[in-house]
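Please look over the sequence and the structure shown here before reading on.

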Amino acid sequence: MGVSEKVAYLKGLMEGMNIDASSENGKLFKAIVDVLDEVALEIEDLTDEVMEVGDGLDVISDDLADIEELVYDDDDDDDDDDDDDEPVYATTCPECEEEIFFDEDYLEDGTIVCPNCGAKLEFDAEDLEGEEDDD
């Protein structure tokens, strides 16, 4: 039984007891029941609003899950594809002795600028291919 039903029961109980609404006690009981009735209506309105907010949150949560799937799953797939398709090379900078990673585009150019110290490194791609064959 909800709050509204309980207040309706109290109203019926008050009427069944033949309490005179014009007497002092009757006025008090009637005022109390009226306040309880208003409180019950407010509670019902708030409950409805909370349910609507909950439904809205469910929709937003579903949308966010879809967005996360698009953003994070696609990035993971792209990273895997990059690793399989394009080899990554590494060398050590003779100036700062930091390891530098680069792809085939830099290998074809024959030069790379160290991102750490700015030193220009030059190399011959044919020499590197010969070293790979020796291994």
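**Salt bridges and the helices**

With a relative accessible area of 38%, Lys30 counts as partly exposed. Its side chain meets that of Asp34 in a salt bridge, with 3.3 Å from N to O. The model is a predicted one, and the search of the whole structure finds two salt bridges.

- Lys30 and Asp34 both belong to helix α2, where they are four residues apart and are therefore separated by about one helical turn.
- Asp34, the partner of Lys30 in this salt bridge, is partly exposed as well, at 31% relative accessibility.
- Another salt bridge joins the side chains of Asp37 and Lys11, again at 3.3 Å from N to O; because Asp37 lies in helix α2 (residues 24-85) and Lys11 in helix α1, this pair ties together parts that are 26 residues apart in sequence.
- Asp37 is partly exposed, with a relative accessible area of 24%, and Lys11 is also partly exposed, at 31% relative accessibility.

**Overall make-up**

- The protein has four helices and four strands, and read from the N terminus these elements follow the order α-α-β-β-α-β-β-α.
- Of the 135 residues in the protein, 13% are buried.
- The protein exposes about 10900 Å², and carbon and sulfur atoms supply 49% of that area.
- When contacts between residues at least 6 apart in sequence are taken together, 20% of them join residues that are at least 24 apart.

- Val7 lies in helix α1 and counts as buried, with a relative accessibility of 4%.
- Although Val7 and Leu36 are 29 residues apart in sequence, their C-alpha atoms are 6.4 Å apart in space.
- Once neighbours within four places in sequence are left aside, Val7 is in contact with Val33, Leu36, Asp37 and Ala40; among these, Asp37 is the residue that forms a salt bridge with Lys11.
- Ser4 is placed in helix α1, which spans residues 3-16, and at 19% relative accessibility Ser4 counts as buried, because the limit for that class is under 20%.
- Leaving out neighbours within four places in sequence, Ser4 is in contact with Ala40 and Glu44, and Ala40 is also one of the residues that Val7 contacts.

**The nonpolar core and the cysteines**

- The largest nonpolar core consists of nine residues, namely Tyr89, Cys93, Ile100, Phe102, Leu107, Ile112, Cys114, Ala119 and Leu121.
- In soluble globular proteins, nonpolar side chains tend to be buried together.
- Leu121, a member of this core, touches Cys93, Pro94, Ile100, Gly110, Thr111 and Ile112 when residues up to four places away in sequence are not counted.

**A buried charge**

- Asp103 is found in the loop between β2 (99-102) and α3 (104-109).
- Asp103 is buried and yet has no salt bridge, since the nearest side chain of opposite charge, that of Lys120, is 16 Å away.
- Apart from neighbours within four places in sequence, Asp103 is in contact with Glu86, Pro87 and Tyr89, and Tyr89 belongs to the largest nonpolar core.

**Positive phi values in two loops**

- Most residues other than glycine have a negative phi.
- Asn18, which is not a glycine, has a positive phi of about 55°; it lies in the loop between α1 and α2 and counts as exposed, at 67% relative accessibility.
- Glu97, too, is a residue other than glycine with a positive phi, near 60°; Glu97 lies in the loop between β1 (89-92) and β2 and is exposed, with a relative accessible area of 63%.

Notes. Residues numbered from 1 in each chain as written. Predicted model: local features only at pLDDT ≥ 70, side-chain atom pairs only at ≥ 80, totals over all residues. Heavy atoms only, no water. Buried < 20%, exposed > 50% of the residue type's maximum accessible area, 1.4 Å probe, protein only. Lys, Arg positive; Asp, Glu negative; His and termini not counted. Salt bridge = Lys/Arg side-chain N within 4 Å of Asp/Glu carboxyl O. Contact = heavy atoms within 4.5 Å. Areas by Shrake-Rupley, 256 points an atom, 1.4 Å probe, with all protein chains shown as cover. Core = buried A, V, L, I, M, F, W, Y, C linked by side-chain atoms within 4.5 Å.
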